[in-house]
Amino acid sequence: MLSAAEFENASSRNRAEPVAIWKARKFIEEHSREELSLTKVAKAVNMNANHLSENFKQVTGIKFVDYVAHARFKNACDLLRNSRLRISEIAFAVGFQSLSQFNRVFKRFSGESPTQYRAAKRVDRRHR
């Protein structure tokens, strides 16, 4: 399981990052709301998919699929805090293919359901 801190560490490594991996991360962030596959990202950065997968994990410390899921999770957190969209609408808006997949990934990264997360963030806002 990838924690938020591990993701942030991998996303902001201090050492030099190969250009192809930087481009892949940038592509994922810009297109995370779309259907993304390793093959699609590899084509966008002119790399073989297997080579990208191996290099991505080596450089970032995170598997490609976990990176994509976390990018979508971050977008979902923003929408849960700042919109009145239904949770199912948010799940599809950020790029998940099903509500159950969204709920499973969200719980894995945050430790709580999207409903619990939204309720906690709304409570936090009232006390500011």
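## Helix contacts and burial in a predicted model

At 8% relative accessibility, F64 counts as buried, a term that means under 20% relative accessible area, with exposed meaning over 50% and partly exposed in between (1.4 Å probe, protein chains only). This is a predicted model, in which local features need pLDDT of at least 70 and side-chain atom pairs count only at pLDDT 80 or more, while totals for chains, interfaces and linings use all residues. Residues are numbered from 1 along each chain as its sequence is written, and side-chain values use heavy atoms, with hydrogens and water left out.

F64 lies in helix α5; helices are DSSP runs of H or I with at least four residues, numbered from the N terminus. Neighbours within four places in sequence aside, F64 is in contact (heavy atoms within 4.5 Å) with I28, S37, L38, V41 and F56.

E34, by comparison, is found in the loop between α2 (19–31) and α3 (38–44). With a relative accessibility of 34%, E34 counts as partly exposed. Beyond its neighbours within four places in sequence, E34 is in contact with K40 and R72.

For each of these two residues, one C-alpha separation is listed below.

| Pair | Separation in sequence | C-alpha to C-alpha |
|---|---|---|
| F64 and S37 | 27 residues | 9.2 Å |
| E34 and A93 | 59 residues | 8.6 Å |

The axes of α2 and helix α5 (residues 64–82) come within 9 Å and cross at roughly 40°. Here axes are lines fitted to C-alpha atoms, for helices over the stretch in contact, and angles run from 0 to 180 degrees between N-to-C directions. α2 and α5 are therefore oblique to each other, since angles under 35 degrees count as roughly parallel, over 145 as roughly antiparallel, 65 to 115 as roughly perpendicular and the rest as oblique. The crossing of α2 and α5 is right-handed, meaning that the near helix is turned clockwise from the far one by less than a right angle. On the α2 side the contact is made by R25, I28 and E29, and on the α5 side by F64, Y67, V68 and A71.

Helix α7 (residues 99–110) has 12 residues, which at 1.5 Å a residue should span 16 Å, and its end C-alpha atoms are 16 Å apart, in agreement; the expected span is 1.5 Å times one less than the number of residues. In α7, the buried residues include F102, V105, F106 and F109. These four cover an arc of only 100° around the axis, which puts them on the same side of α7; the arc is that of the directions from the helix axis to the C-beta atoms. Just after α7, G111 takes a positive phi of about 85°.

Note on methods:
Helices (H or I, at least four residues) and strands (E, at least two) are DSSP runs, numbered from the N terminus.
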